[in-house]
Amino acid sequence: MAGKQAAMTEAVYYILLSLRTPNHGYGIIQNTLELTEGRLELGAGTLYGALNTLLDKGWIQLYSEDKHSRKKKQYQITELGEKALQQEILRLEELVENGRKIMSQSFVKLDKEERYEEVQVVL
Amino acid sequence: MRKFRLYYDKDKEEEWLNEMCSKGWSMTKFFLGVYTFEPCSPGKYTYQVDLPDTHGKIRMGDGEKREYIDFVESTGAEYVCSWGFYVIFRKEAEKGTFKLYTDAESKIGLYRRIRLLFLVVGLMEFGLAIGQTANYLHIEEELWDPGINIFLWSCLGVIYLIILVLLVMVIRITRKIHRLKYQK
């Protein structure tokens with residue numbers, strides 16, 4: 001069972017993942033780019049809004065503030081954020097599980113590259 | 001080079017600034033509808049017009065605004081200027097794509113902020129216009145001066161026209177928001 005927490009946006013999900021270790025805004029963008037192999041590039045406005053919302057929710061906290069350069073504000077995930085992330089992973093697992101169960105076996109058996117190609121042909 | 005333009009639609013404004021830049025003119029200043037351009041190598045920058053998230057407040061404090069600008073600049077962009085609630089940024093095209101808002105949720109947030117601004121300004125102007133209209137209708141006969149009256153009524157006409165444009169913009173933005181919701 002995956003609990004009742006609302007689905008996270010991709011941005012929030014990758015921000016939280018990027019903040020398992022203290023990180024600043026630009027670091028979050030870079031980390032997300034790496035994790036998604038260049039697919040998801042977070043815009044600065046999107047990131048700023050999401051960080052403020054997450055601070056309000058108590059899912060992340062300020063880690064340090066460089067007094068000389070305000071550009072280097074660092075954030076870190078909180079225990080609450082960690083729990084939320086785990087919940088979301090459970091929910092996503094349920095999604096993928098159900099998808100695998102119901103979609104044709106041939107599709108699931110392909111490796112990642114082949115699956116991607118198959119989808120590309122259709123789209 | 002200076003150019004005078006009045007934009008209600010920030011997407012169109014953005015388009016125009018990028019088009020000017022592709023012709024070798026980079027925007028550096030804005031004042032009361034007058035855009036100042038400086039020569040640049042064609043297509044050097046990508047421009048973005050922003051109405052930053054005030055986080056529930058009517059207006060960003062100076063500190064918050066500075067912080068937001070610093071934040072955006074730390075991602076490789078450059079602050080150009082601000083006007084009222086709007087802020088304009090640019091980024092060198094060779095440093096990569098430049099989009100401030102990259103998902104439907106935050107784009108919806110942006111358009112909601114713009115819509116709210118237009119609604120508030122529109123309502124304020126409407127209140128003003130109604131009050132003035134009532135006033136003019138009660139001017140006493142002996143105080144009528146055709147010259148002054150034509151002037152006053154045309155001023156009022158301009159205000160009603162602005163209200164109409166704002167209303168049209170509110171409708172267009174609402175449509176944009178609906179389209180974004182459908183995308184989600």
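**Contact between the chains**

Chain B places 21 residues in contact with 17 residues of chain A. Helix H2 (62-73) and helix H3 (104-137) of chain B each supply at least two residues of the side that touches chain A. H2(B) gives the most, with six residues. Helices (H or I, at least four residues) are DSSP runs, numbered from the N terminus.

**Two helices of chain A**

Helix H1 (residues 10-18) and helix H2 (residues 25-35) of chain A pack at an angle of about 105°, and their axes are 9 Å apart. Axes are lines fitted to C-alpha atoms, for helices over the stretch in contact, and angles run from 0 to 180 degrees between N-to-C directions. H1(A) and H2(A) are therefore roughly perpendicular to each other (angles of 65 to 115 degrees).

H1(A) contributes A:Tyr14, A:Ile15, A:Leu17 and A:Ser18 to this contact, and H2(A) contributes A:Gly27, A:Ile28, A:Asn31, A:Thr32 and A:Leu35.

**Numbering and confidence**

Residues are numbered from 1 along each chain as its sequence is written, and chains are lettered from A and ligands numbered from 1 in the order in which they are written. As this is a predicted model, local features need pLDDT of at least 70, side-chain atom pairs count only at pLDDT 80 or more, and totals for chains, interfaces and linings use all residues.

Terms used: Two residues are in contact if their C-beta atoms, placed from the backbone, lie within 7 Å. Angles under 35 degrees count as roughly parallel, over 145 as roughly antiparallel, 65 to 115 as roughly perpendicular and the rest as oblique.
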